[in-house]
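Please find below my comments on the model under review. They are arranged as numbered points, each on one topic.

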Amino acid sequence: MTQEVKDVAAETAETTASNEKAMKRGTVLQALKAIAVLVVICLVCGALLALCNDIFYISPEERARREEAKINAALKEVYPNLENPETIKINKNFETYGAYGSVSKVVKSADGAYIIAAKGNGGYGGVPITVLIAIDPSAKIVAWKVSDAGQETWMNLVEPYTEWYVGEQISTDLPVLSAGASYSSLALNNAIKTASYYAMNVLNLGSNPQKDAEDAIAALLADTDYADYTFAVNSDLKYRAALSDENNAMSYFFVGSKEGASETLDAYVYNVETEAKVVILKGNLGYTARHEQDAVIAKSEDIADELVTKVQDLNYYEFKIHTYLEDFRLAQYIAITDGWNTDDARINSVFVGEDGTYVVNATGKGGFASGTVTVNVVIKDGVITELNVESHESQSYLSDHILNIWDTFKMLFVGNSIDTKFDTTSPNDAGETPGHTGATYSENAIIRAVNYACEYVKSLTEQGGTN
């Protein structure tokens with residue numbers, strides 16, 4: 001009996017071992033089958049990918065060609081006559097135009113027109129916009145189109161005005177036009193100015209007063225010790241429009257210095273039609289004493305002494321403005337004729353800043369002992385923003401009373417609209433001075449000057465600008 005039990009146990013163990021071996025063989029076979037299936041799937045997928053790659057492969061050359069075609073299609077939108085477009089290599093020296101913007105692409109059409117892709121700074125949030133500007137061989141703007149509006153959510157207010165700037169000669173002095181979207185309008189204007197700057201300097205389109213002025217200065221200084229001066233007005237602007245007269249002739253001025261030299265050199269360029277006339281002024285004592293210390297060291301033969309005086313005065317007054325308006329950049333200077341002269345006040349000159357700020361130099365009459373007071377009234381967006389006394393005649397009380405509390409007194413005017421009419425005060429019979437400071441006559445002269453300055457700026461804005 002015992003032997004039989006042993007035989008059964010042995011048989012059972014043998015069967016179990018045999019089953020385990022069979023299960024192991026089955027598991028291995030299943031694993032091998034799974035691996036084989038995966039290998040087949042990978043081989044099939046690889047073959048399919050290779051086939052798709054052969055079918056849909058785009059070479060770098062083809063991708064570039066398609067991108068170029070896409071760009072040309074956009075260029076064709078802004079300039080339908082575009083034929084055989086030729087991409088022109090960007091001149092790095094003129095790729096950026098100061099703080100206004102930069103050029104990213106230039107394409108030339110077979111008919112001689114150019115399409116320039118220019119970024120204009122000054123958009124909402126400081127983000128630039130990209131504009132395509134078409135310029136024909138006569139240097140006129142044919143069309144423009146915004147290709148990338150950035151974050152300009154109000155750009156839709158500007159884009160419908162496709163006639164803006166069209167037909168105008170390229171220029172870096174084109175005015176900012178607005179349809180209620182100030183940032184977008186400014187960015188558009190900066191893009192067109194940038195394209196104009198590049199076209200004038202690199203593509204030789206249109207007139208280029210900056211280059212003409214620089215050439216004239218270089219010629220005049222060729223045989224002097226000042227020939228190697230580098231001229232610049234600001235770090236971001238190489239020149240600045242400084243003077244216009246009734247004939248719309250413009251002046252440009254340059255301020256230059258030589259490394260290691262203590263003196264600076266000013267060049268004033270006066271353009272009459274196509275002829276550049278140049279005055280060079282040298283100053284050794286800095287801007288504070290420039291007006292009295294400058295001496296003409298070289299000038300064109302046909303420059304009149306009257307013009308020398310005119311530009312010296314301009315220099316003097318502009319830098320006086322800079323003493324209390326740090327960011328002021330002059331765009332136009334208007335010398336006022338006797339047409340702006342009354343019994344109460346007169347306008348002497350007007351400085352118009354690039355941002356639309358007016359600085360009116362006005363003289364008020366009726367001061368103490370029939371003296372006068374001359375002030376500079378700063379007006380921006382129809383509001384008086386600053387007031388400064390330039391000079392006064394026989395007004396001892398002005399110095400003793402008004403100027404001592406000037407920061408308080410001028411606030412009677414600052415912040416008011418140009419529509420405000422400031423009333424003068426009459427001294428009473430007892431000889432008392434019931435004004436704000438105890439210098440009523442001087443106060444009245446200032447009030448008359450301010451009122452007249454406001455009248456003048458109102459007349460300009462009602463006419464639509466300074467023309």
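What pLDDT does the chain average, and what share of the residues score at least 70?

1. Confidence. The chain averages a pLDDT of 77, and 75% of the residues score at least 70; pLDDT is the predictor's confidence in each residue, from 0 to 100. This is a predicted model, in which local features need pLDDT of at least 70 and side-chain atom pairs count only at pLDDT 80 or more, while totals for chains, interfaces and linings use all residues. Residues are numbered from 1 along each chain as its sequence is written, and side-chain values use heavy atoms, with hydrogens and water left out.

2. Where pLDDT is low, the predicted coordinates should not be read in detail.

3. Surface patch. L29, L32, I35, V39 and L43 make a nonpolar surface patch of about 490 Å². Patches are made of residues with over 30% relative accessible area and no salt bridge, like charges being joined within 9 Å and nonpolar side chains (Val, Leu, Ile, Met, Phe, Trp, Tyr) within 5 Å. Accessible areas come from the Shrake-Rupley method with a 1.4 Å probe, and for residues only the protein chains shown count as cover. L29 belongs to helix α1, which spans residues 2–56; helices (H or I, at least four residues) and strands (E, at least two) are DSSP runs, numbered from the N terminus.

4. Cysteines. The structure holds zero disulfides, a disulfide being a pair of cysteine sulfur atoms within 2.5 Å. C42 is in no disulfide, and the nearest cysteine sulfur, that of C45, is 6.6 Å away. C42 counts as exposed because its relative accessibility is 55%, whereas C454, at 1%, counts as buried. Here buried means under 20% relative accessible area, exposed over 50%, and partly exposed in between (1.4 Å probe, protein chains only).

5. Salt bridges. How many salt bridges does the structure hold? There are six, each defined as a side-chain nitrogen of Lys or Arg within 4 Å of a carboxyl oxygen of Asp or Glu. One of them joins K76 and E83, at 3.6 Å from N to O. K76 is partly exposed at 34% relative accessibility, and E83 is likewise partly exposed, at 44%.

6. The K410 pair. K410 forms a salt bridge with E386, with the closest N and O atoms 2.8 Å apart. This pair links distant parts of the chain: K410 is in the loop between α8 (406–409) and α9 (440–463), and E386 is in strand β17 (residues 383–392), 24 residues apart. Both K410 and E386 are buried.

7. The E455 pair. The side chains of E455 and K421 meet in a salt bridge at 3.9 Å, N to O. E455 lies in helix α9 and K421 in the loop between α8 and α9, so the pair ties together parts that are 34 residues apart in sequence. E455 is partly exposed, with a relative accessible area of 39%, while K421 counts as exposed at 56%.

8. Surroundings of L398. L398, in helix α7 (residues 396–402), is buried, with a relative accessible area of 0%. Beyond its neighbours within four places in sequence, L398 is in contact with V373, H392, L403, A439, S442 and I446. L398 and G367 are 31 residues apart in sequence and 9.5 Å apart in space, C-alpha to C-alpha.

Terms used:
Contact means heavy atoms within 4.5 Å.
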